[in-house]
Amino acid sequence: MTAILAADTPRVIAHRLAAGGAVPNHPQWPLLVYPGAVAIAGADPAVAFEGLFDGNRWPAAWRDGVFPFHHFHSNAHEALGVYSGEVTVQFGGDGGVVITARPGDVIVLPAGTGHKKLSARGALGIVGAYPAGQHPDTCTPLLSNARRSAEAVARVPLPEADPVYGADGPLFTHWRR
């Protein structure tokens, strides 16, 4: 199944997140939210996200939800595509932003972005993906060294493509070296 983008013109909401305690967040790049980016259809709507992410060099890695505790990836960026249910997530650690995502939404987290599920409604389904060649660790604030995590985050390269819109996608308007 080919993903059908919901709009020709991408709509992106950027959230800059400052480091908070042992959650490094990213020192330069914001969290990106693409509301209603993908039209949800068919018996298995996750397939549309998997094909879209794979085609843009962010191989789909899993189908699941979001952990209910603060965590981050110090060595990989992450894309989350919501295909069913609704989820409210706190991004950036305890002082971060709270976002409710619905089917069709894509959220792109630069390396280091803390995230924690606060609540969910319905049968939650999310496809998670990481840029080609990146294999995420899972770090928690209680077990991480803030300095080492921040140094690792700063070394993660810019991805080759936007996970939704490809090589010329809006990610590159917000994420620059």
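These legends describe close-up views of one predicted model.

Residues are numbered from 1 along each chain as its sequence is written, and side-chain values use heavy atoms, with hydrogens and water left out. Local features need pLDDT of at least 70 and side-chain atom pairs count only at pLDDT 80 or more, while totals for chains, interfaces and linings use all residues.

**View 1. The cavity and its lining.** Rolling a probe the size of a water molecule over the atoms shows where empty space is left. A cavity is a set of points, on a 1 Å grid over the protein atoms alone, where a 1.4 Å probe fits but cannot get out. Grid points are joined across faces, edges and corners, and a volume is the space filled by probe spheres set on the points. The structure holds 1 cavity of 30 Å³ or more. The largest cavity has about 30 Å³ of space. Lining residues have an atom within 4 Å of a point. Here they are Val-66, Leu-80, Val-82, Val-87, Val-89, Phe-91, Ala-101, Ile-107 and Ile-126. Strand S4 (residues 78-91) gives the largest share, 5 residues. Strands (E, at least two residues) and helices (H or I, at least four) are DSSP runs, numbered from the N terminus. The lining has 9 nonpolar, no polar and no charged residues. In this count Ala, Val, Leu, Ile, Met, Phe, Trp, Tyr, Cys and Pro are nonpolar, Asp, Glu, Lys and Arg are charged, and the others, Gly among them, are polar.

**View 2. The largest pocket.** A pocket is an open set of points with protein on both sides within 12 Å along at least five of seven lines. The volume of the largest pocket is about 200 Å³. It is lined by 14 residues, and those closest to its centre are Trp-62, Gly-65, Phe-67, His-71 and Glu-78. Strand S3 (60-64) and S4 are the elements that give two or more residues to this lining. By class, the lining divides into 6 nonpolar, 5 polar and 3 charged residues.

**View 3. Two aromatic pairs.** A pair of aromatic rings is described by the distance of the centres and the angle of the planes. Rings of Phe, Tyr and Trp (its six-membered ring) pair if their centres lie within 6.5 Å; planes under 30 degrees apart count as stacked, over 60 as edge-to-face and the rest as tilted. The count comes to 4 aromatic pairs. How are the rings of Trp-29 and Trp-175 arranged? Their centres are 5.2 Å apart and their planes at 10°, so the pair is stacked. The pair links distant parts of the chain, 146 residues apart. Trp-29 is in the loop between strand S1 (13-15) and strand S2 (31-34), and Trp-175 is in the segment after helix H3 (171-174). Trp-29 is buried at 3% relative accessible area, and Trp-175 is buried at 1%. (Buried means under 20% relative accessible area, exposed over 50%, partly exposed in between, with a 1.4 Å probe and protein chains only.) Phe-49 and Phe-53 form a tilted pair, 6.0 Å centre to centre with 50° between the planes. Both lie in helix H1 (residues 46-55), 4 residues apart, about one turn of the helix. Phe-49 is buried at 0%, and Phe-53 is buried at 0%.

View 4. His-77 sits in the loop between S3 and S4. Is His-77 buried or exposed? His-77 has a relative accessible area of 0%, so it counts as buried. Its side chain reaches the backbone nitrogen of Ala-111 at 2.9 Å.

View 5. Most residues other than glycine have a negative phi. Asn-25 has a positive phi, near 50°. Asn-25 is in the loop between S1 and S2 and is buried at 1% relative accessible area. Arg-57 is not a glycine either, yet its phi is positive, about 65°. Arg-57 is found in the loop between H1 and S3. With 37% relative accessibility, Arg-57 is partly exposed.

**View 6. Arg-148 and Pro-24.** Arg-148 lies in helix H2 (residues 146-155). Arg-148 is exposed, at 53% relative accessible area. The C-alpha atoms of Arg-148 and Pro-24 are separated by 9.6 Å. Along the chain, these residues are 124 residues apart.

Notes. Polar contact = N/O pair within 3.5 Å; in protein donor to acceptor, adjacent residues only side chain to side chain.
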